[in-house]
Amino acid sequence: MTPGTRLLVSAQGERYRFDPGSLSLELMLTGGPGPYQRYEIAHAPADLAEWFTGSRLALTAPLTDVRIRPAELTALKELRNALYQVVPALAHGEPPSAEALASLNDATEASPRPVIDPETRRLAWAPPITGRQLLGAVARDAIELVSGRRSGRVRECSADDCQLLFFDTSRSGNRRWCSMERCGNRAKIRAYRARAETS
Ligand SMILES: [Zn+2]
């Protein structure tokens with residue numbers, strides 16, 4: 001699986017790939033407050049450390065030696081809660097709460113450090129990658145989503161029964177579905193049936 005793309009399972013047990021297009025939106029797939037608690041995967045620090053090795057940070061360089069302390073896991077989950085206040089608001093064209101934005105600001109201090117191997121000129125993340133650095137990477141990404149010229153590209157899947165949030169990185173900027181395999185395909189089938197019925 002390409003780093004940053006996640007395998008999800010629908011309520012009907014159907015598996016499909018979902019690329020949320022951005023690190024902070026990707027983290028929202030690991031669980032969240034209220035009804036999202038049932039999707040929780042970050043029960044222990046090691047769970048989230050493992051999860052980050054498959055995140056889009058690995059598109060730059062592999063993540064080896066990820067170390068998340070219990071307090072950092074808590075901080076990452078608090079940041080994730082703040083994302084649930086900020087990102088849906090963005091997707092619906094509403095102003096995000098100032099309090100939630102302030103907690104993004106408070107989290108940007110550290111960041112994974114890219115280093116180059118002088119011999120091979122290969123890029124790597126300087127080990128160890130700490131929970132604090134990962135917190136910073138997610139918060140920086142979210143801040144860019146909020147402030148960037150492309151904040152209008154944060155969207156919710158167009159299917160009525162799907163709340164997945166993504167950042168549209170397509171050149172055309174007209175991505176509508178979380179996944180063509182899932183909601184895009186269901187819409188195609190519906191359109192086909194509608195046509196068949198009227199003809
Ligand atoms: Zn969808």
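1. Rings of Phe, Tyr and Trp (its six-membered ring) pair if their centres lie within 6.5 Å; planes under 30 degrees apart are stacked, over 60 edge-to-face, and the rest tilted. By this rule there are two aromatic pairs. The model is predicted: local features need pLDDT of at least 70 and side-chain atom pairs count only at pLDDT 80 or more, while totals for chains, interfaces and linings use all residues. Residues are numbered from 1 along each chain as its sequence is written, and side-chain values use heavy atoms, leaving out hydrogens and water.

2. Tyr36 and Tyr84 form a tilted pair, 4.6 Å centre to centre with 35 degrees between the planes. Tyr36 lies in the loop between helix H1 (23-27) and helix H2 (45-53) and Tyr84 in helix H3 (residues 70-91), so the pair ties together parts 48 residues apart in sequence. Helices are DSSP runs (H or I, at least four residues), as are strands (E, at least two), numbered from the N terminus.

3. The ring centres of Trp51 and Phe52 are 5.1 Å apart and their planes at 85 degrees, so this pair is edge-to-face. Trp51 is buried at 8% relative accessibility, and Phe52 is buried at 0%. Buried means under 20% relative accessible area, exposed over 50%, and partly exposed in between (1.4 Å probe, protein chains only).

4. The largest nonpolar core has 39 residues; Phe52 and Leu134 are among those with the most contacts inside it. Such a core is a set of buried Ala, Val, Leu, Ile, Met, Phe, Trp, Tyr and Cys residues joined through side-chain atoms within 4.5 Å; contact means heavy atoms within 4.5 Å. H3 gives the largest share, nine residues.
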